[in-house]
Amino acid sequence: MLAERIRMLPFYRDEQCYIWVGGHDSNGAPVLTDTGQRVLVNRVVYREFVGPIPGGRVVRRSCRRLDCINPSHLYIRDERTKWCDSIG
Ligand SMILES: [Zn+2]
């Protein structure tokens, strides 16, 4: 359902960024409503185009555009990296 909707998401391209033109939450982050629930667009886009988001992780942008939903500009902030480094 979301996968179908994501291809009709309202955005326009601005150079490398995909600028969201839909709704926003109180922090100014892009949100959409799915089956009555508001969800962060960046998380939806990341799951759809990049991969699953491990529990508790936060999706960040590598660019400075708060409205950008370009999957290639999204990454997961992995706060356990230092632990993985010390283990591996
Ligand atoms: Zn961007």
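**Sheet, core and confidence**

Guide: H24 stands opposite P30 in strand 4, where strands (E, at least two residues) and helices (H or I, at least four) are DSSP runs numbered from the N terminus. The model is predicted, and its local features need pLDDT of at least 70, while side-chain atom pairs count only at pLDDT 80 or more, and totals for chains, interfaces and linings use all residues. Residue numbers start from 1 along each chain as its sequence is written.

Visitor: Why do strand 3 and strand 5 stand at the edges?

Guide: Three strands form an open antiparallel sheet in the order 3-4-5. Strand 3 (23–24) and strand 5 each have a single partner strand, so one side of each lacks a neighbour in the sheet. Helix 2 packs on this sheet by touching strand 4 and strand 5, and its direction makes about 70° with that of strand 5; such angles run from 0 to 180 degrees between N-to-C directions, with axes fitted to C-alpha atoms, for helices over the stretch in contact.

Visitor: Why is E15 called exposed?

Guide: A residue is exposed if 12 or fewer other C-beta atoms, placed from the backbone, lie within 10 Å of its own, buried if there are 20 or more, and partly exposed in between. E15 has 7 such neighbours and therefore counts as exposed. E15 lies in the loop between strand 1 (11–14) and strand 2, and its phi is near 55°, a positive value in a residue other than glycine. Most residues other than glycine have a negative phi.

Visitor: What makes up the largest nonpolar core?

Guide: A nonpolar core is a set of buried Ala, Val, Leu, Ile, Met, Phe, Trp, Tyr and Cys residues joined through C-beta atoms within 7 Å. The largest one has 10 residues, among them Y18, W20, V31 and C68. Helix 2 gives the most to this core, with four residues.

Visitor: Where in the protein is confidence lowest?

Guide: On the pLDDT scale, the predictor's confidence in each residue from 0 to 100, helix 3 (residues 81–87) is lowest at a mean of 48, whereas strand 2 is highest at 96. Over residues 83–88 the pLDDT is below 50, and this stretch has zero contacts in the model beyond near neighbours in sequence, a contact requiring C-beta atoms, placed from the backbone, within 7 Å.

Notes: Contact = placed C-beta atoms within 7 Å. Pairing = 2+ DSSP bridges.
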